[in-house]
Amino acid sequence: MSKEHSNTVMKAWEATLRKTQAAKKRANSIFGTMSVAHADDEDEDGDHDDNKNHNNNINNNNKSLDASPGGGEIYHAEQFVLNGDCYTGQWQDNFPHGYGKYLWTDGCMYVGQWHRGKKMGKGRFSWPSGAIYEGEFKGGYMDGKGTYTGPSGDVYRGQWVMNLKHGHGVRSFTNGDCYEGDWRRGLQEGSGRYQWANGDCYVGEFKNGVICGKGTFAWSDGNRYEGLWEDGLPKGNGTFMWPDGSFYLGNWSKDLEERSGSYYPAGGSPPAEGDKLEWSPQQVYDGLSGHEICSGEKVSILPSQKKLTVWRSSKGDTRPRQVSADGRVSVGVERTIDRMEMLEGGNGDGSGTFEELGRDVEVDLLGLDIEKANLEGFLGQLRLPRTGKKQGETIYKGHKNYELMLNLQLGIRHSVGRAPPPVSLDLKASAFDPKQKVWTRFPPEGSKYTPPHQSCDFKWKDYCPLVFRTLRKLFKVDPADYMLSICGNDALRELSSPGKSGSFFYLTNDDRYMIKTIKKAEVKVLLRMLSAYYNHFRAFENTLVTKFYGLHCVKLTGPIQRKVRFIIMGNLFCSEYTIHRRFDLKGSSLGRTTDKPESEIDGNTILKDLDLNFLFRLQKPWFQEFCRQIDRDCEFLEQERIMDYSLLVGLYFRETSVAGYLIPSGARTPTGDQEDEGAPRLSRADVDQLLLDPTRWASIRLGVNMPARVERSIRRGGSEFQLIGEPTGEFYEVVMFFGIIDILQDYDISKKLEHAYKSIQYDPTSISAVDPRQYSRRFRDFIFNIFLEDEL
């Protein structure tokens, strides 16, 4: 920063400080009344028993809070705000700290322990609807052991994580139903017992709030089913038993054609010849109607969303302002930065000051702790990259790859539509044989099996078609939707390769699927590892490895005789959120930076390891699952001799200013989100509603739609190749997307030669081409250093 600019900033600071001091005289106009007393003073009049109880609670439960490092004196304060809010309780350094009660004008109330403005410890939060939560809080969230009683009388007692039921818990519903067992992200998941009011009972596995897996359903009349379930109904091997000891054993399904089984009478004697069993498995499905799993009530507003109006007077700030319930202050950061930018240019002659910029500047800086404000830090605040255009060039008639697109769409329609979906997920070894491929010729005039078309004559090849049809079923892809996305009336969009492979990418119009051209060697790698890949997905539903939906080849007939092999993948960034930052991370440093100048970087730019300026912080249960899954996925890739893969990460920043700056979670503004051009966005209210709506919790899974925080990091001077920057303590709330991509490169002779050649010139540990075992170890070490548990 220049000397002239520093002087300008200091003058602005001094002018604001003078206004701050003058504003103290107007303090009494903000609050109606305010009384302050030491926490250990006795109430001589004896009129405030509640305050005595509060102080006793602090003495018994919050002794550690009295000795907060670096904190000021703890005292008792009563504050009545003109907007109607009221706080009574312990206070320290301008924050609720200790034991206190806060009442909002809408009727919400919290009574309990606070730590530096955050609900922390034991407390009680009540809603105007009559709902009550009593239990543990952490960082403003319901977190730990607690009991929630809904307005209609539903009661949940058990574990919570970040406002969601997570762990072991018991829920009693007003209709008489009761569930006891495991919860995950607010829904029944894991092992549990659900009993209906009529006496029927299920004991077994749940998933996303429905019966799924192994379990036993017992009717009140004594009948019982033991076996496999899917989406709340018997599916797979199972046994239905009557009280007299007779049973029916077979394969169960809603589809009549898939059902099969045998009846065994009590005592083991076969049924008499000519006897007909007057019973059908359909009666079991009919008997399960009306046995839905209650999802409970929606919470109208989460405790962490409530705002506090606090009194800032000890540090020269005399205005009340909004602070989130987890202690984060709402300030006009973006307006402050705009004014600072104006200071750099001034009125055209560099002579502008804060006093000349109007009253808004006073309001903005009054929202900051002047003694701690680092003006140069705010000038260096992060800004969102400019919004990129919709990715890809639409392939219209006349485009060089127009006929190739038509061939691809015709082939996909033929492959998906010609055969029914598989009945079972259990495949024979022969299905994975690389020789399992089907050639189909597509003449322009059509044939017995193919329709006429306007493209050239071509041949179409399906690799291991049964395996990929079964994978699509495993991924819960509807065949009609799949065909509509790729083969509908909308054209594909072509992307140039963001990497060095020379491959081309095509996106479907709805962004759900990505089609990549690949080399013959990559086809061989995928076919070689296809069986292990399939089994890995069956074993680990939260795997982060790329999902493949089909492997095909187009061979153009005629003089060209060109073959184009391509694979269809899921698009990790297909979301209702706008992806603001994209990172491709490998854990190597050589060449791992973006070649574009800052002015050309937009929301579609793929940044690399040396461009990374964040550490990613996940909530504890997600972080633990993430670490386990990274280990599993890397072990799988290492066993298959795969290297050069990377973790693709996308970030949607929840807090941005109108001017386009990222707002740290400690400096929130109520002005709303930045407006994007040509791209959909969700407001903070929309994102928070995702957590409020139980029906949408299932959309949050490892690597997809994950609410998280990122911490800004910086690389110190002289550390050009430092992979991981140092944390700054500056946090941002985000929605994260991530997955492992580029998994078709094995450590072949070309990679071994590349490793040998580059090792002569560079540090061998900095290059990408290394042995799969070494690559896996280095990749994991890097990932586990940039992904951390959020200790909110």
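Strand β32, residues 614–618, runs parallel to β37, and three bridges join the two. Strands and helices here are DSSP runs, numbered from the N terminus: E for at least two residues, H or I for at least four. Two strands count as paired if DSSP finds at least two bridges between them. One of the residues concerned is Phe616, whose bridge partner in β37 is Phe787.

A word on the source. This is a predicted model, in which local features need pLDDT of at least 70 and side-chain atom pairs count only at pLDDT 80 or more, while totals for chains, interfaces and linings use all residues. Residues are numbered from 1 along each chain as its sequence is written, and side-chain values use heavy atoms, with hydrogens and water left out.

Back to the sheet. β32 and β37 belong to an open sheet of seven strands with mixed pairing, in the order β31-β30-β33-β36-β35-β32-β37. β31 (606–607) and β37 (787–789) are at the edges with a single partner strand each, so one side of each has no neighbour in the sheet. Helix α12, residues 620–639, packs on this sheet and touches β32, β35 (706–714), β36 (726–741) and β37. Contact means heavy atoms within 4.5 Å. The direction of α12 makes about 145 degrees with that of β37; angles run from 0 to 180 degrees between N-to-C directions, with axes fitted to C-alpha atoms, for helices over the stretch in contact. Helix α16, residues 772–786, lies across β30 (581–585), β32, β33 (646–653) and β37, at about 50 degrees to β37.

Now the other sheet. Eight strands form an open, antiparallel sheet in the order β22-β25-β26-β27-β29-β28-β24-β23. Its edge strands, β22 and β23 (437–442), each pair on one side only. Within the sheet, β27 (513–518) and β29 (563–570) are antiparallel, with six bridges, and Ile515 has Ile568 as its bridge partner in β29. Helix α8 packs on this sheet at about 50 degrees to β24 (458–463), and its contacts include β23, β27 and β29. Helix α10, residues 479–487, also packs on the sheet, touching β27, β28 and β29, at about 65 degrees to β27.

Last, His399. The residue sits in the loop between β22 (393–394) and α8 (402–418). Is His399 buried or exposed? His399 is buried, at a relative accessible area of 15%; the cut-offs are under 20% for buried, over 50% for exposed and partly exposed in between, with a 1.4 Å probe and protein chains only. Beyond its neighbours within four places in sequence, His399 contacts Glu393, Thr394 and Glu494.
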